[in-house]
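I am opening a notebook on this structure. The entries below record what I looked up, in the order I took it.

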Amino acid sequence: MSYHFPEHLFFDKKHHVWCLPESDLLIRIGIDPLGLASLGDLAYLSLNPNGSEVIQGQPMGMLEAAKMTGELIAPVGGKIVERNQVVLQDPYQVNREPYGAGWLAVLESESWNEDSKQLVTGQDVDAWSQEELKRYREQGWID
Amino acid sequence: MQWRYICEDRVSDSFGLAADEAMALRVGEKLSPSVLRLYTYRSCSALVGRFQRIENELNLDFCREQKMSVNRRPTGGGAILMGEDQLGVALMLRDWNGYKTPRELMRHFASSLCEGLLIFGIKAQFRGKNDLEVEGRKIGGLGIHSNASGGYLLHCSLLVDLDVPLMLRALNVPVEKLEARQLQSIEGRITSVRRELKKDSSLNEVRDTMRRAFSSYFAVEFEQSCYSPEEKKAIGEMESSRYLKKDWIYQKVDVPDLSGEARQMTPAGLLDVRVTMAGRQIKAVFLGGDFFAEESAVSDIEGSLRWHSSESEQIRRTLELLYAKREEELAFLPIENVCEVISKAVESARAISQDSTVGYGCFVNPKIGDAEPVHT
């Protein structure tokens, strides 16, 4: 599996969730390949309903993967305005195309300017992702 | 190092589940050291996995008639029956000895359980996503749940004993269609501490042995412990906001449950494969029909494909590893035939593409209609 981290995305450094600002308010989110490597193939996924408010660093859904069940942590605060129905019915799409058809949800975030300061993007992505790859290999999350 | 030890008996389903999850959260938040909780549920509680469809998995009418409580676990896997003869083993921790990944923690958790069983002379091993087995017969179901605070809940339902006919009636298995031979086949793939030891060991004896095994394996001292007032409050809040709520217990799941079947003649005889799937993921495979192969090797095939990708290449890769180990016992059952018929069963499940009503139990493989048992 290749671990690619596009510099135009914003990454939650701890939980490996990516963000793509699509307008001043709308942020598309998904799980990055390293986050998926630690989980294994996704079998089930649930997301909080459309219209619900989520808080940065707090659960916004749950998942069951080959290796465990766990919570999906919101990378930024906001309101869920769209959920990807395709991945809710076929979570394996997230493993197949984590940056494409496997996106999870769109948030309307008024706190993006503040919350995004906690995320890594642009030129900083390479150094961060290299460190993470090293850490994941040392801990046996990936080969 | 000192960990907490909590011992409880005959807890309600909602309290039992809430205490596991609330304590794992507090351990993650560093409000408590690691906790080992060895406990039993009030007989009986039928508990489905985190994302299972309860109406597909449980015979709710039977559960109601028998006054069995039903609930939903935070951990994944299949439906289980918990009562006074099943030991709940819950370990809540953030990390241990530098190990922080779920895979590593699960391996050590399973190893400590195996060491505990070995004290009784029972040689168990961990396999697949969540199986603790003795020579291919399942004796425990394991699960792991991670939370936002960085805590892990590792859980095992360890069979000190099990009323198999009761379990089959509580789970949504078409039991009226099961003949004696088929019941025997299911019972042949499950075991318990009492069955292995051929004596009536008490649950407390098993519990005390497990506590000692965990202490030795993890090199920790256990401090007998009760819940603090803050912990009781957190557990109460978890119970009332989740495990007593119908919204949680009967929640809908978007991923469809599918089932399919396929048959093929092989040099070993007729191979009849049934699969149940969660979307694209195989939940379980059952190999039936009329063929010659070592029963434990057949159980190994089934065990290695529980919660497995349904992609043909990945199935083939897994089976190649298994065949390399059990070449002799599977000599008359060519891997090509097994891969092909499993793939056809997967295709048939996808083609049918509608919700199955066939349940997947933690301790029972899928049986559909008139599926025949394996002849060895």
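**Entry 1. A pair in chain B.** I began with Arg194(B), which is buried at a relative accessible area of 15%. I use buried for under 20% relative accessible area, exposed for over 50% and partly exposed for in between (1.4 Å probe, protein chains only). Arg194(B) meets the side chain of Asp200(B) in a salt bridge, 3.2 Å from N to O. A salt bridge here is a side-chain nitrogen of Lys or Arg within 4 Å of a carboxyl oxygen of Asp or Glu. Asp200(B) counts as exposed, at 66% relative accessibility.

**Entry 2. Ground rules.** I note that the model is predicted, that local features need pLDDT of at least 70 and side-chain atom pairs pLDDT 80 or more, while totals for chains, interfaces and linings use all residues. Residues are numbered from 1 along each chain as its sequence is written, chains are lettered from A and ligands numbered from 1 in the order in which they are written, and side-chain values use heavy atoms, with hydrogens and water left out.

Entry 3. I looked up the total over all chains and found 36 salt bridges. One of them joins Glu8(B) to Arg37(B), with the closest N and O atoms 2.7 Å apart. Glu8(B) lies in strand β1 (residues 2–11) of chain B and Arg37(B) in strand β2 (residues 35–41), so this pair ties together parts 29 residues apart in sequence. Strands (E, at least two residues) and helices (H or I, at least four) are DSSP runs, numbered from the N terminus. Glu8(B) is buried at 14% relative accessible area, and Arg37(B) is buried at 1%.

**Entry 4. Where the chains meet.** Which chains did I find in contact? I found 30 residues of chain A in contact with 32 residues of chain B (heavy atoms within 4.5 Å). The area buried between them is about 2700 Å², with 52% from carbon and sulfur atoms. Buried area is the accessible area (1.4 Å probe) that two parts lose on being put together, summed over both. In chain A, Tyr44(A), Met62(A) and Thr69(A) lose the most area to chain B, together 24% of what that side buries.

**Entry 5. Charges across the interface.** The rule finds two salt bridges between chain A and chain B. I looked at Glu311(B) with Arg96(A), where the closest N and O atoms are 3.0 Å apart.
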